[in-house]
Amino acid sequence: LPKSLTTIGTNVFKSMSELKLVVSRSSNQVTCGTDVFVSTSSDLEIYMTTNSTDEKLCSNDNTKKTVSTYGETGTYIDYIITTSNEMIIYGKGEMNNFETKEEQPWKSEGSNIQTIKIDERVTTIGKNAFNSFEKLETITIPSTITTIGSYAFQTSGITEVTIPTSVNSIGELVFNKCTKL
């Protein structure tokens with residue numbers, strides 16, 4: 001949803017059973033109509049940057065989470081970090097590569113991230129993407145990922161990873177110093 005958003009009308013996403021993720025990056029207070037997400041998927045996740053407490057956003061028992069940080073990490077790839085230390089990478093295409101971990105746009109929050117979810121439309125995990133995420137325990141790598149860049153998880157706290165059969169390239173030192181793996 002756009003940054004300029006101030007209003008969501010009644011039944012806007014009604015009966016969209018395939019809808020899985022809604023992200024609002026609006027810095028405005030968002031006013032909602034009734035039943036905005038009625039009859040949507042039970043696993044729909046809603047992320048809001050606003051401090052809205054409007055329960056209408058959470059119709060159909062969806063979980064609304066508050067976003068603390070957001071930005072871009074690819075031509076058509078964005079990220080959000082929630083106040084509960086969860087990172088979501090979403091969009092379509094390839095993540096950016098970072099020559100060093102200091103180039104990560106989320107470097108100041110990375111040391112607190114515990115969970116990462118990657119959208120099924122993302123095709124690569126960039127070089128140094130999650131390097132030094134020391135509190136990272138869980139990552140969901142979808143079957144659309146074909147490449148994991150060098151140092152992607154180096155020095156992270158990851159305890160378990162399943163690499164899908166779609167991955168045909170894994171860079172250097174991807175899991176180097178992952179002492180809990």
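Two strands pair if DSSP finds at least two bridges between them. Helices (H or I, at least four residues) and strands (E, at least two) are themselves DSSP runs, numbered from the N terminus.

This is a predicted model, in which local features need pLDDT of at least 70, side-chain atom pairs count only at pLDDT 80 or more, and totals for chains, interfaces and linings use all residues. Residues are numbered from 1 along each chain as its sequence is written, and side-chain values use heavy atoms, with hydrogens and water left out.

The overall picture, then. The chain has 13 strands and one helix. In sequence order the pattern reads β-β-β-β-β-β-β-β-α-β-β-β-β-β. The chain has 181 residues, and 46% of them count as buried. Buried means under 20% relative accessible area, exposed over 50%, and partly exposed in between, with a 1.4 Å probe and protein chains only.

Next, strand β7, residues 86-91. Six of its six residues are buried, so the strand is largely enclosed by the rest of the structure. In a regular strand, side chains alternate between the two faces of the sheet. In β7, E86, I88 and Y90 lie on one side, M87, I89 and G91 on the other, and all are buried.

What does β7 pair with? Strand β6, residues 77-82, pairs with β7 in the antiparallel sense over five bridges, and I81 stands opposite M87 there. Three residues sit between the strands of this hairpin, and N85 takes a positive phi near 65°. Strand β9, residues 115-118, runs parallel to β7, joined by four bridges. T115 in β9 is the bridge partner of E86.

Now the aromatics. The structure holds six aromatic pairs. Rings of Phe, Tyr and Trp (its six-membered ring) pair if their centres lie within 6.5 Å; planes under 30 degrees apart count as stacked, over 60 as edge-to-face, the rest as tilted. Y79 and W106 are edge-to-face, because their ring centres are 4.8 Å apart and their planes at 80°. Y79 is in β6 and W106 in the loop between β8 (93-94) and α1 (107-110), 27 residues apart. Relative accessible area is 4% for Y79 and 0% for W106, and F130 and F133 form another edge-to-face pair, with centres 5.5 Å apart and planes at 70°. Ring pairs link Y79, F98, W106, F130, F133, F153 and F175 into a cluster.

Last, N131, in the loop between β10 (122-125) and β11 (138-140). Buried or exposed? N131 is buried, at 5% relative accessible area. Beyond its neighbours within four places in sequence, N131 is in contact (heavy atoms within 4.5 Å) with K101, Q104, Y151, A152, Q154 and T155.
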